[in-house]
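Please read the following walk through one structure, with the sequence at hand. The text goes from a sheet to a pair of helices and then to a single residue.

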Amino acid sequence: MRHPLVLSGHDQDAITHAAQALRGGGLVAFATETVYGLGADAANANAVAKVYEAKGRPSFNPLIAHLSDTDVAEREGVFDANAATLATTFWPGPLTLVVPRAAGGSVCDLATAGLDTVALRVPDHAGARALLAAFGGPVVAPSANRSGYVSATQAGHVIADIGERLDVVLDSGPTDIGIESTIVACLEGACRLLRTGAIAAADIEAAIGCDLARPKKDDSIQAPGMLASHYAPSVPVRLDATHVAPDEALITFAGARPGGVNDCMAVEDLSPSGSLREAAARLFTVLREMDAKMPRAIAIVPIPDDGLGAAINDRLRRAAVPHTTSRQAETA
Ligand code: TXA
Ligand code: MG
């Protein structure tokens, strides 16, 4: 089995080497402030094809292009007034903007899955920005996990999931936020929320001064993070648990102790102090740890829905839909 070169994400020589690997059409996993990304040169269709292959992602699901700053982003997309406001307010940061592709942009058709829109994001992470600056162009980076499975928030997760497909892994330690970026489409003068995420919808609405349109039930815009089954462990997930069985593992929050807690297989508290920020940062790591114990199911207590809780509950609802009910699980 091939092993990736694992280098420190804090080391400038390592970043230079990783940028070189990207230029050569290689795959580089790197940390962002949200989750680890599986990076490739967005302009190189062969490299982008390797990303889809490594993830097992259907090629009709487009990828986010990551950029070192807003100037580079404006070469790739057309920013209307709302998009410009959101970029100024939240970049660098965990916001992805879906905008019309710019004429002369370098993101290849395979990366946008043939759409006439492109998803752009300037991450707020020193290592990611150093890599993007060293590379000098857009880098596509879906979350660095197998398609449909729990996202990767540590280099070890990436290596376990898709390590043999990668050329370089830049290890920057656990990611800070732990939940993916919020995705907003700014098209035809309107703003639509495509994926809840690290920035609360209310904060985006405050910046643009109006309500975000929510996805319609029959919306054909494909954002795999919005598919029914996603972020799903291999064992079933049971939400809003008020009781836990002996052969289940329990994920609890703020010290909640549902019935049966003393007799179940394993217990982990996402944040004993009740911090939704800490819970978001630990969510995917704890899901992976519980999954590895192979309980009959993972039971999860109710999590408050305010602030980051909305994104946490969104991920948990999708994690609770079995892979088998829908082949759409084979997504991001
Ligand atoms: O925090 C994040 O956003 C992470 C880090 C690595 O940056 N990336 C991430 O990428 O979550 P991924 O590929 O797992 O999710 C990207 C989402 C998908 O749901 C995809 O369908 C959607 O963005 N997307 C990309 N381009 C789009 C477009 N043109 N229109 C609508 N949705 C789009
Ligand atoms: Mg993903």
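Four strands, in the order E11-E14-E12-E13, make up an open sheet with parallel pairing; strands here are DSSP runs of at least two residues (E), helices runs of at least four (H or I), numbered from the N terminus. Two strands pair if DSSP finds at least two bridges between them. At the edges lie E11 (237–238) and E13 (266–269), each of which pairs on one side only. Helix H8 (residues 276–292) packs on the sheet and touches E12, E13 and E14 (297–300), contact meaning heavy atoms within 4.5 Å. The direction of H8 makes about 175 degrees with that of E13. Angles run from 0 to 180 degrees between N-to-C directions, and axes are lines fitted to C-alpha atoms, for helices over the stretch in contact. E12 (residues 248–252) and E13 are joined in the parallel sense by 4 bridges, and Thr-252 has Asp-269 as its bridge partner in E13.

The model is predicted: local features need pLDDT of at least 70 and side-chain atom pairs 80 or more, while totals for chains, interfaces and linings use all residues. Residues are numbered from 1 along each chain as its sequence is written, chains are lettered from A and ligands numbered from 1 in the order written, and side-chain values use heavy atoms, without hydrogens and water.

Elsewhere, the axes of H1 (residues 12–23) and H5 (residues 126–135) come within 9 Å and cross at roughly 50 degrees. Ala-18 and Leu-22 of H1 are among the residues making this contact, as are Ala-130 and Leu-131 of H5.

Thr-175 sits in the loop between strands E8 (168–171) and E9 (182–187).
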